[in-house]
Amino acid sequence: MEWSYQGQNGPEYWSRLCTDFKRAEEEASWQSPISLNTAATRQEPKKDDTILFKKEKVKIKTDFFNHTVHLSPAEGNEASVVFQDKMYVLQDIHAHLPSEHIIDDHSFEMEIHFVYRSDDDQLLVCGVMGQSDYGAVSPLSGDLYNRFLKEDSLKKHYTLNLDLNVLIPDDSSFYHYSGSLTTPPTMGPVTWIVMKQPISLPTDFVKAFEKVIGQTNRPLQPVKERTVCFYH
Ligand SMILES: [Zn+2]
């Protein structure tokens, strides 16, 4: 099913494009993304084991579909996260421009989504904000620079080495709420983790994504009765 971010197949019409999209939007009273307002969150103490990212170097494959670049771990290259004693395995990394979530009225140049799935098929998506002028720049691996970053090559297929340490911030304070996928079918529930601290990206990295991918953020959805927790 053809959908897009503008025009007649844009976000306000997604639910009219097919019955699956319609059902997903209608059944869930919780849709993503939302505006995150720290003052309105339920504050939770973050313990050492509240969230555990297995951050390491993984071999990934790149692909281009649904309007953005997707990175997925090659077979045998598992990365995972444990949240509330449940383990989720990394399936996919992709980016939206500009950010989909808003943090304290602040939008960011990019939001990277790490999509994880548990053994019993539950989804957890971790959103990391990326900004090109935010403090020290993380050193991206040579593979990302030399092969992937060339503007005309973002859409090609590669197998690259990726160091997850540079894409997930050191400060693991995060927002947590129940939401949905932000692309059709926008189904849920999805366990959302949105990191408060952005990562700093090289300017040419953001520029390459802006040129090749462009605007790919779903508009904000109503928070309704949901509680957003802030673990810090
Ligand atoms: Zn996404």
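Guide: Start at serine 80, whose bridge partner in strand 7 is valine 89. Residues are numbered from 1 along each chain as its sequence is written. The model is predicted, with local features requiring pLDDT of at least 70 and side-chain atom pairs pLDDT 80 or more, while totals for chains, interfaces and linings use all residues.

Serine 80 belongs to strand 6, residues 80–83. Strands here are DSSP runs of E with at least two residues, helices are runs of H or I with at least four, and both are numbered from the N terminus. Strand 6 pairs with strand 7 (residues 86–96) in the antiparallel sense, over four bridges. Two strands count as paired if DSSP finds at least two bridges between them.

Strand 6 has another antiparallel partner in strand 3 (residues 51–53), with three bridges joining the two. One of the residues involved is phenylalanine 53, whose bridge partner in strand 6 is valine 81.

Val81 deserves a separate look. Not counting residues up to four places away in sequence, it touches Ile51, Leu52, Phe53, Lys54, Tyr88, Tyr116, Leu124 and Cys126. A contact here is a pair of residues whose C-beta atoms, placed from the backbone, lie within 7 Å. Val81 is also among the residues with the most contacts inside the largest nonpolar core, together with Leu124, Cys126 and Ile193. That core has 46 residues. A nonpolar core is a set of buried Ala, Val, Leu, Ile, Met, Phe, Trp, Tyr and Cys residues joined through C-beta atoms within 7 Å. In soluble globular proteins, nonpolar side chains tend to be buried together.

Aspartate 85 lies in the loop between strand 6 and strand 7. Its phi is also positive, about 65°, although aspartate 85 is not a glycine. Aspartate 85 counts as exposed because it has 8 C-beta neighbours inside 10 Å.

From strand 7 the pairing carries on. Eight bridges join strand 7 to strand 9, and these two run antiparallel. Isoleucine 93, for instance, stands opposite phenylalanine 114 in strand 9. Strand 9 is in turn joined by eight bridges to strand 10 (residues 123–131), again running antiparallel. Within that pair, isoleucine 112 has valine 128 in strand 10 as its bridge partner. Strands 9 and 10 form a hairpin with four residues between them, and aspartate 121 in the turn has a positive phi of about 70°.

Aspartate 105 is placed between strand 8 (102–103) and strand 9 (110–118). Aspartate 105 has a positive phi of about 65° without being a glycine. With 8 C-beta neighbours inside 10 Å, aspartate 105 is exposed.

As for the setting of this part, the chain has four helices and 15 strands in total. Buried residues make up 32% of its 232 residues. Of the contacts with a separation of 6 or more, 66% are between residues 24 or more positions apart. The C-alpha atoms fill a box of roughly 45 × 45 × 35 Å along the principal axes. A compact globule of 232 residues would have a radius of gyration near 17 Å, and the chain agrees with its 17 Å. That radius is taken over C-alpha atoms, and the globule rule is 2.2 Å times the number of residues to the power 0.38.

Note on methods:
A residue is buried if 20 or more other C-beta atoms lie within 10 Å of its own, exposed if 12 or fewer, and partly exposed in between; C-beta atoms are placed from the backbone. Two residues are in contact if their C-beta atoms, placed from the backbone, lie within 7 Å.
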